[in-house]
Amino acid sequence: MLKMNNINKVYQTEMVQTHALRDFNLQVDEGEFIAVTGPSGSGKTTFLNIAGMLEPFNEGQYLLDGIDVGKLNDNQRADLRNQKIGFIFQGFNLIPDLNLYENIEVPLRYRGIKAAERKRRIEQCLEQVGLASRAKHLPQQLSGGQQQRVAIARALAGEPRFLLADEPTGNLDSLMARQVMELLEQINRDGATIVMVTHDPELARRAPRNIQVVDGQLADLTLYQGTQNLKAAGV
Amino acid sequence: MFLHYLDLSWRSFKRTPLVSFLMVLAIAIGIGVTMTSLSVYHMMSADPIPEKSSQLYSVQLQIMDDGSTWWTKDNLPLQLTYQDAVNLNKADAGGKRVTMVRTGFSVYLDSDKIKPFIGQARLTTPDFFDMFNLSFLYGGVWSEQQEANAAPVVVISKELNDKLFAGENSIGKIIYLDDASYEVVGVIDDWDITTKYYDLNNGSFNKTEQLFLPFSLMKARQLENWGNTNGWKHEKTNTFNDKLNSELVWLQFWVELKTPEEKQAYQDFLMAYMQEQQKLGRFNRKQLEAKLRDVNEWMQYNNVVSEDNEILVGLSFMFLAVCLANILGLLLAKFLRRASEVGVRRALGASKRQIFYQHIVEVAMLGFLGGILGIILAQVGLLGVRQSYSYYKSLATMDLSMLLSAPVIAISTCVIAGLYPAWLVCKTNPAIYLKSQ
């Protein structure tokens, strides 16, 4: 599904050169649910942005469903992103002027789906996240948990095979976080591949596969967890 | 998608109503000023008789002896002498042709209901009406015989007929011009031409005449020329006949030539005529010269649209550019504030091109609204011009082509101003805004 070979990403300013990702290698298979953890500034979000084709990379090869992303132009990347990838953000990123129905409609419009089909999908997704009766509400009229469910519904409406979630529960209390996590698990069971960046160890443990990003590289999971345990024990 | 972009544009307008209104107002003021000056310029330079302007030619002859100069750019006099005008009219060459001169009378009726007033008149040969596409409400033009006999007949304008005879059929009625009576033989319909192209001597945009009489009356009744009379050498012109036989120029002469072959033939005829006249002792010069200019060439040659008007139009466009520069700044601020939303749209599958189009549609909508408001402002401006100067009454108007071009100019200039802000917002890196939102 996703294969990254020796991906390097460097942020260059006049004074400083920062290696956000360094020889980053990862393979994600169809139907996996992966939690990505790691300290702040380790490159988790950069990885997610590159995976979602929101940022270019400097070196390496990124294959999404066998397509070499590095060889695509902006329009082709936008099409591929629209058709295969759904995003869920920590800050929800709903468009405040649009009601829930219209927010979910955004990716479908860019895909050129007809109005009747859009309606069917939106109603189905709103039903799935339990907000069917709030279709005409504006985002600011909802709680944080509800807004995140709308964001999930928006990600699902395009029927993506690949969901990228950047700390999807970061702004939610524990009850709402659990509900959102259950929703993601359900979506994964329905067949979507999910890559979720999180700081929450409890959420990470619920994912079948965990990876850590440290200093822009994939770190050994066991070693990382051992270090964390030693820190917790005060050693 | 276009309708969706329009919907988004309208929502954006409503989200920041004050800034959006300021932009529309800035466009409207720019368009209002530009369209006011452009409309006047357009009406001034418009072809007054498009259906046959390329077939009607004003005739110029180089009558001056070698060594004499005229003030025109090619040194040719603008009008003809009486003898040339009459000779050319009599000659069997060319199509329809008109010899004419401006005059005027004190007009009154055998009644105390109408006070005497000064009426502008034109002494002309009969082809005038057909050549310049005038139509008759009542009656028609005088006959060739009446022309030859200097018959006291007159064709009047609809406006004069309304004034003297309450718009009724006045054929056969008598009006008095100075101290002589004339029989009305025709009433022409309204003749709305913006430029008085057939005689540009006394104001290119003056009203057309109210009275039209046989040209032969001029000699028969020694009627005065109310137009321009110019000379290039000292001549004794103590009597009316002296003037008729002089080298003074004071008559307009037009000929209708339908094909390039006819034009060439007439050009050859003019040269032959001048050579013949040379033998009679006139045109003491080595190089003979005759010129035919069609209506548009004639207007251009006479600088109907002055350089001042062109400068004014240029300045108004510069003012529009200043308005657009302000709009550009406001658009930049408005669009860049929306970068986070653009980031979300990009993440959800919008290409840079789609983001660019969305913002261009928004700019075009602002341009359209500004264009509509600008038309209203331009109408106010034109009303002001009309009320300030009666001279501009028929010129300070906005015809359909100007009405349609106002929103087109507004939209296209706004789109040009919006290119940079739209490009800037579409190339923002979405990743930056997705995390920080």
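Let me start with burial: of the 235 residues in chain A, 44% are buried, where buried means 20 or more other C-beta atoms within 10 Å of the residue's own, with C-beta atoms placed from the backbone. This is a predicted model, in which local features need pLDDT of at least 70, side-chain atom pairs count only at pLDDT 80 or more, and totals for chains, interfaces and linings use all residues. Residues are numbered from 1 along each chain as its sequence is written, and chains are lettered from A in the order in which they are written.

Staying with chain A, there are eight helices and ten strands, taken as DSSP runs numbered from the N terminus: H or I over at least four residues for helices, E over at least two for strands. The C-alpha atoms fill a box of roughly 55 × 45 × 35 Å along the principal axes.

Next, the interface. In chain A, 21 residues are in contact with 21 residues of chain B, contact being C-beta atoms, placed from the backbone, within 7 Å. Helices α1 (44-51), α2 (74-84) and α3 (100-111) of chain A each supply at least two residues of the side touching chain B.

Last, a helix pair within chain B. The axes of α1 (residues 2-15) and α13 (residues 352-388) of chain B come within 9 Å and cross at roughly 60°; axes are lines fitted to C-alpha atoms over the stretch in contact, and angles run from 0 to 180 degrees between N-to-C directions. On the α1(B) side, the residues that meet α13(B) include F2(B), Y5(B) and L6(B). Among their counterparts in α13(B) are Y357(B), V361(B) and M365(B).

Methods:
Two residues are in contact if their C-beta atoms, placed from the backbone, lie within 7 Å. A residue is buried if 20 or more other C-beta atoms lie within 10 Å of its own, exposed if 12 or fewer, and partly exposed in between; C-beta atoms are placed from the backbone.
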